[in-house]
Amino acid sequence: AFVMAAIGSAVGLGNLWRFPYIAAKHGGGAFLVPYFIAVLTAGIPLMILEYGLGQAMQRAAPGAFKKLHRRFEWLGWFALAVSTVICIYYAAVMAWCWRYLWASFSQGWGTTQEEVGQFFNKVIARTGDPANVGNISVPLLIGLALTWAAIFWIIYKGVHRVGRIVMITVPLPVILLLILVINGIRLKGAGAGINYYLSPTWEALASADTWLAAYGQVFFSLSLGFGILIAYASYMPRKQDVSNNAFITSFGNALVSFMAGFAVFSMLGYLAVGTNQSMKEAAETAGGFALVFKVYPAAINSLPTVLGSYTPHIFGVIFFITLLSLGIDSAFSLVEAVVAGVHDKWPAIRRSALTAIICVGGFLGGLLFITDAGLVWLDIADNWCNNYGLVTVGLLQCLVVGWFVKTKLLTDAINEGAEIRVGTWWLACIKVITPAILTTLLVLSIIGEIQKPYGPSPTESYPQWALNRGGWAVIAGAFILSLVLMFTKKQEAAE
């Protein structure tokens, strides 16, 4: 159940729409070389660190860092503060999925590419002005409520229900994704799409951007820095194998990402042939949310009617149920990490009441992201939380464990009962390799922000006031909140 929950947390919406696009952009099949090197030198070492910390200390992130050293409790709270913001807008993305699932039953997004594009703009990207918040979309409001209700129901009774739920929600999207792959590779033009996805461009390995993209993809896709893995591991017995679980989780996540590429690019190849586009043109229009809410529905509309007139409806339902089942594991794991962290410090609060408070707060916070300017604010918050918040957490975790505490105590705890023992290779990654890579990512993000403020495209930037409020203020607020919570009067849980 632990491994299934960890894989469910790692495997999310980004596996379907981000990995294939990043791989194709940075060398196709050649991208797998830096990707798996990144898995081995950053993903797995950091995952072992977080698993080991949670298991050894038997606490969620704040309590685990406090037991490691009382001065570092704030780092656990900082991780949870950043992940809370991520969960709030992640639930809004799932609200979009609910809206499209409903549209799938009637092909309600339209029958032509133009109609699909208009539906996408109407549902999500209705304005590019962050100041023009406008109205709340009622269908998205319903989807947001459904998402938070599902999160509450899954976790309010504790980790035992989570263990049962992941036995359904983890294999389900894999099975549905396999159906999409089988259907996709049968289509005319699928071969061209898969060839574009996997054909290696070895010259890309000489580019620093390719390696940074690989490390960034690994770091963001494995739920590192969220505090999730520490919380989940805190429920494990102290002698359970940590390192082996880290390898299983990491390679399971990689396998789903790789398989998603076949589902995406077989369909893109089919769409490119049908619209007389080159694969490069089709791929360039399929980055990010456009792939899920514009390109894929358009491709579904043009599928051969092997199942009669219901073909678009059936595959539309399959696709968006896949997205929802991919997303829900990641969503409730984010909330579980926060609930576990708060409950460790204030155990007198009933878990059900605490979960309800957090879910209601998350629902209210998510209202901003289902307004007319919701996509703009989501884009800003997502950029800052991922490129600055999570990278900072991961970097600080490596520095704290590698340099500021007695690392041998943690390695001894990890190696107790481990099939794959950690030693020199793990310490080298934690102390040198991973911090160097994360520092590089952080510095390049800051330099890029100074040279050109973040925006929706390479030639556009969002207003500076919006970047300050939705970006820098969020990170600063998370840091201040972490310090406040660390110094708040505590009520320790029983040992």
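Arg-161 lies over the face of Trp-153, at 4.5 Å from the ring centre. Lys-431 is placed over the face of Trp-403, at 5.0 Å from the ring centre. A charge is taken to sit over a ring if NZ of Lys or CZ of Arg is within 6 Å of the ring centre and within 35 degrees of the ring normal. The model is predicted: local features need pLDDT of at least 70, side-chain atom pairs count only at pLDDT 80 or more, and totals for chains, interfaces and linings use all residues. Residues are numbered from 1 along each chain as its sequence is written, and side-chain values use heavy atoms, with hydrogens and water left out.

The structure holds 37 aromatic pairs. In Phe-258 and Phe-262 the ring centres are 5.3 Å apart and the planes stand at 85 degrees, so this pair is edge-to-face. Rings of Phe, Tyr and Trp (its six-membered ring) pair if their centres lie within 6.5 Å; planes under 30 degrees apart count as stacked, over 60 as edge-to-face and the rest as tilted. Both Phe-258 and Phe-262 belong to helix α14 (residues 243-274), where they are 4 residues apart, about one turn of the helix. Helices (H or I, at least four residues) and strands (E, at least two) are DSSP runs, numbered from the N terminus. Phe-258 is partly exposed, at 27% relative accessibility. Here buried means under 20% relative accessible area, exposed over 50%, and partly exposed in between (1.4 Å probe, protein chains only).

The rings of Tyr-454 and Tyr-462 have centres 6.0 Å apart and planes at 50 degrees, so they form a tilted pair. Tyr-454 is partly exposed, with a relative accessible area of 22%, whereas Tyr-462 is buried at 8% relative accessibility. Ring pairs also link a cluster made up of Trp-17, Trp-96, Tyr-100, Trp-109, Phe-119, Phe-289, Phe-293, Tyr-296, Phe-319 and Phe-320.

The structure holds 3 cavities of 30 Å³ or more, and the largest cavity has a volume of about 80 Å³. On a 1 Å grid over the protein atoms alone, a cavity is a set of points where a 1.4 Å probe fits but cannot get out, and a pocket is an open set with protein on both sides within 12 Å along at least five of seven lines; lining residues have an atom within 4 Å of a point. Grid points are joined across faces, edges and corners, and a volume is the space filled by probe spheres set on the points. Residues that line the largest cavity include Ile-7, Val-11, Thr-169, Pro-173, Leu-177, Val-256, Ser-325 and Asp-329. The elements giving two or more residues to this lining are α1 (2-10), α10 (171-185) and α17 (311-345). By class, the lining of the largest cavity has 8 nonpolar, 3 polar and 1 charged residues. Ala, Val, Leu, Ile, Met, Phe, Trp, Tyr, Cys and Pro count as nonpolar, Asp, Glu, Lys and Arg as charged, and the others, Gly among them, as polar.

The second largest pocket has a volume of about 410 Å³. Its lining consists of 27 residues, of which Leu-80, Thr-84, Val-338, Val-342 and Leu-481 lie nearest the centre of the pocket. At least two lining residues each come from α6 (73-104), α17, α18 (351-366) and α22 (464-487), and α6 gives the most, with 8 residues. The lining of the second largest pocket has 23 nonpolar, 4 polar and no charged residues.

Two threonines are buried within helices. Thr-434 lies in helix α21 (residues 424-451) and is buried, with a relative accessible area of 1%. The side chain of Thr-434 reaches the backbone oxygen of Thr-41 at 2.9 Å. Thr-147 is part of helix α8 (residues 138-155) and is likewise buried, at 1% relative accessibility. Most residues other than glycine have a negative phi. Gln-107 has a positive phi, near 55 degrees, and lies in the loop between α6 and α7 (113-123). Gln-107 is buried, with a relative accessible area of 17%. Asn-276, which is not a glycine, has a positive phi of about 60 degrees. Asn-276 is found in the loop between α14 and α15 (279-284) and is exposed, with a relative accessible area of 73%.

How values were computed
Polar contact = N/O pair within 3.5 Å; in protein donor to acceptor, adjacent residues only side chain to side chain.
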